Amino acid sequence: MPENMLNAPIVVLVDRTPEGIPTAGALALVSVARALTSAEVVALAPGGLEPSASAVLAAAGAARVLVADLDGREAVAAVAADAVVAAVRSVRPAVALVGSDYRGKEIAGRAAVLLGSACASDVGDLEVVGSELRASKLVLSGTWSTTMTVSAQSDHTPVISVHPSAVEPASPAAGEAEIPVEPLDVPLSAEAAAVKVVSREVSDAAAGPDLAEAQRVVVMGRGTDGDLGLVHSLADPLDAAIGATRVACDEGWIERSAQVGQTGVSIAPSLYIGLGVSGAVHHTSGIQGAGTIVAVCDDSEAPIFEMADYGVVGDVAEVVPQLVEELARLRG
Amino acid sequence: MKIVVCIKHVPDVQSERRLEEGRLVRGEDDVLNELDENAVEAAVALVEELGGEVIALCMGPEDAEDGVRRALQMGADSGVVVSDDALVGADVPTTARTLAAAVSKIGGADSGPGDVDLVITGMASLDAMTSMLPGALAAALHVPALTLAGSLEVSADEATITRSTGTVREVLSAPLPALVSVTDQANEPRYPNFAAMRAARKKPVDVWDLGDLGLDAVAEAGIAVVDFTERPAREAGVIRTDAGEAGRELAAWLVENNLV
């Protein structure tokens with residue numbers, strides 16, 4: 001057995017697009033699991049997968065794919081959690097991993113109660129030390145970091161929600177063999193089945209990268225005056241997700257789902273660029289995991305300059321177009 | 001309608017929060033978790049509309065009663081504090097099972113919600129920020145969970161929420177009894193006036209321990225904090241004041257540092 005690896009399977013919940021394609025975050029999570037165990041990584045797909053998906057999952061490191069037919073209801077966290085519980089009971093893995101968005105965290109908490117096991121959320125780093133799994137995360141608005149040992153026991157499988165943005169998803173290897181896709185029977189609990197989806201719409205923001213998983217994030221603050229076109233002009237060529245401060249959401253400039261911070265999404269991109277963001281603690285508590293912080297803001301007293309790796313005191317309407325033009329030139 | 005609102009007494013986010021021996025230091029500058037004020041407001045407003053009673057439930061050290069008193073000032077009718085040395089450092093599933101047992105006792109049942117129609121929580125506690133408790137508590141109670149409500153409507157037998165999570169906007173409903181967690185978008189918490197503060201002093205608060213709930217000692221958590229470090233504050237880096245070239249300079253810096 002290779003050093004510093006578990007010797008038991010890991011189950012990974014694979015989120016998918018409406019077309020049945022695994023999300024980039026899901027593939028990154030499979031890669032994370034692949035690096036942790038010498039045994040099988042089992043991908044759990046709630047709902048159907050597009051036929052090519054199993055090869056993509058194999059390339060990312062999965063050895064098996066379980067597909068649970070949840071009658072299109074996997075968006076309900078309790079339904080997806082029931083699928084995780086069924087997969088854990090079938091595979092008996094050392095640990096189950098889910099993405100660390102709100103749904104993933106709810107799934108982890110619910111599944112852990114049903115399994116009689118432990119859970120952790122917002123984990124940024126996982127490693128095996130000896131035969132023990134160690135999970136690290138930032139707490140108290142990113143001012144402290146903690147490391148937990150997770151006793152990976154197959155009779156009480158811990159469920160952990162992980163931010164996959166720290167890992168680059170494996171690029172699919174050419175000619176990778178297809179792996180078996182097996183149906184998984186999921187007994188739905190009455191309380192999960194009782195949640196009725198009256199209506200559901202996916203916003204336009206879904207076109208870009210997912211905020212919680214993105215490697216680069218451009219954030220729209222008060223100082224952008226609601227100029228979403230300006231924000232897109234920088235975010236799109238960088239393949240960055242667009243986030244926002246609470247003020248920008250309150251103003252109705254952008255969907256509430258874009259809100260980053262204490263009551264919004266916590267993000268851990270390698271690059272954060274704040275446009276017209278002053279840096280109130282309610283916002284900056286959600287960006288402490290960012291690798292590099294860049295801020296453009298016309299208020300030289302803005303608190304974000306105290307934490308920015310690179311700050312520009314200036315008018316976003318002048319700085320951003322020049323930045324975009326120069327980036328296009330430098331990157332060819 | 002019988003509504004249990006779950007609240008938490010947490011260190012003020014503006015205070016100097018820290019860990020000692022892997023555990024959050026409590027009891028110095030604690031307040032009712034700001035996001036739970038929305039849960040209390042939602043519960044009190046529903047009872048004003050539909051009739052019934054609101055019971056504020058809090059697990060924590062004994063001084064967590066202060067958080068319950070705040071909920072009583074905001075209009076809750078009575079309070080319960082679950083406090084036991086064995087619960088110090090309890091993880092999410094343990095907390096969920098303990099709160100579920102307390103809800104059952106309030107509802108007059110051995111398990112499940114009994115005659116409690118609705119459990120309302122905030123979206124997250126500002127100490128641990130896991131957001132996992134509402135779903136875990138619903139699982140322990142075997143009731144449907146409607147989480148992260150941006151708005152909430154309740155009839156005699158059904159709860160309906162609208163919410164916006166990730167890239168999805170949706171309307172969800174479930175039959176009562178159910179659990180609902182609310183975001184800070186759901187309402188504007190009321191500020192208690194003098195009369196409400198005075199009235200709150202006369203409202204009953206029970207203090208229960210694990211024995212009162214018929215629970216044994218807490219099981220091995222399976223996850224233990226082994227290392228905890230205060231991170232150095234992020235330091236200010238390069239700051240440029242735009243003199244007409246800042247966009248180009250920033251582009252060059254991003255490219256030089258392989259960030260784009």
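## Strand pairing in chain A

In β7(A), the residue that V128(A) has as its bridge partner is L133(A), in a structure that is a predicted model throughout. This pair belongs to the antiparallel pairing of β6(A) with strand β7 (residues 132-139) of chain A, which extends over five bridges.

The strands β6(A) and β7(A) are part of an open sheet of four strands, whose order is β6(A)-β7(A)-β8(A)-β15(B) and whose pairing is antiparallel. Because β6 (125-129) of chain A and β15 of chain B stand at the edges with a single partner strand each, one side of each is left without a neighbour in the sheet. From one strand to the next, the twist averages 25 degrees.

The link between the chains within this sheet is made by strand β8 (residues 144-150) of chain A and β15(B), which run antiparallel and are joined by seven bridges. One of the residues concerned is V150(A), whose bridge partner in β15(B) is I223(B).

## The parallel sheet of chain A

Chain A also holds an open sheet of seven strands, with parallel pairing and the order β5-β9-β4-β1-β2-β3-β10. Here β5 (119-123) and β10 (181-184) of chain A stand at the edges and have a single partner strand each, so one side of each is left without a neighbour in the sheet. Neighbouring strands of this sheet are turned against each other by 25 degrees on average, with direction ignored.

Within the sheet, strand β2 (residues 41-46) of chain A pairs in the parallel sense with strand β3 (residues 64-68) of chain A over five bridges, and A45(A) stands opposite V67(A) in β3(A). Helix α1 (residues 24-34) of chain A packs on the sheet and touches β1 (10-13), β2, β4 (95-99) and β9 (159-162) of chain A, while its direction makes about 170 degrees with that of β1(A).

## Extent of the interface

The size of an interface is often given as the accessible area lost when the parts come together. Between them, chain B and chain A bury about 7,000 Å², of which 58% is on carbon and sulfur atoms. Of the area that chain B buries against chain A, 11% is supplied by I223(B), R231(B) and R234(B), more than by any other three residues. The contact draws 85 residues from chain A and 80 residues from chain B.

There are 28 residue pairs in polar contact between chain B and chain A, counted with both residues at pLDDT 80 or more. On the side of chain B that touches chain A, at least two residues each come from α3 (92-106), α4 (133-141), β9 (145-149), β11 (158-165), β12 (168-175), β15 (223-230), β16 (238-241) and α6 (246-256) of chain B. It is α6(B) that gives the most to this side, with 10 residues. By class, the side of chain B that touches chain A comprises 43 nonpolar, 18 polar and 19 charged residues.

## Salt bridges

Side chains of opposite charge can pair when their charged atoms come close. Over all chains, the count comes to 27 salt bridges, and five salt bridges are found across the interface of chain B and chain A.

E170(B) forms a salt bridge with R200(A), in which the closest N and O atoms are 2.9 Å apart. This pair crosses between chains, since E170(B) lies in strand β12 of chain B and R200(A) in strand β11 (residues 196-202) of chain A. A salt bridge also joins the side chains of E255(A) and R169(B), at 3.7 Å from N to O.

In chain A, R92(A) has a phi near 55 degrees, which is a positive value in a residue other than glycine.

How values were computed. Residues numbered from 1 in each chain as written. Chains lettered and ligands numbered in written order. Predicted model: local features only at pLDDT ≥ 70, side-chain atom pairs only at ≥ 80, totals over all residues. Heavy atoms only, no water. Contact = heavy atoms within 4.5 Å. Buried area = accessible area lost by both parts, 1.4 Å probe. Salt bridge = Lys/Arg side-chain N within 4 Å of Asp/Glu carboxyl O. Polar contact = N/O pair within 3.5 Å; in protein donor to acceptor, adjacent residues only side chain to side chain. Nonpolar A, V, L, I, M, F, W, Y, C, P; charged D, E, K, R; others polar. Pairing = 2+ DSSP bridges. Axes fitted to C-alpha atoms, helices over the stretch in contact; angles between N-to-C directions.
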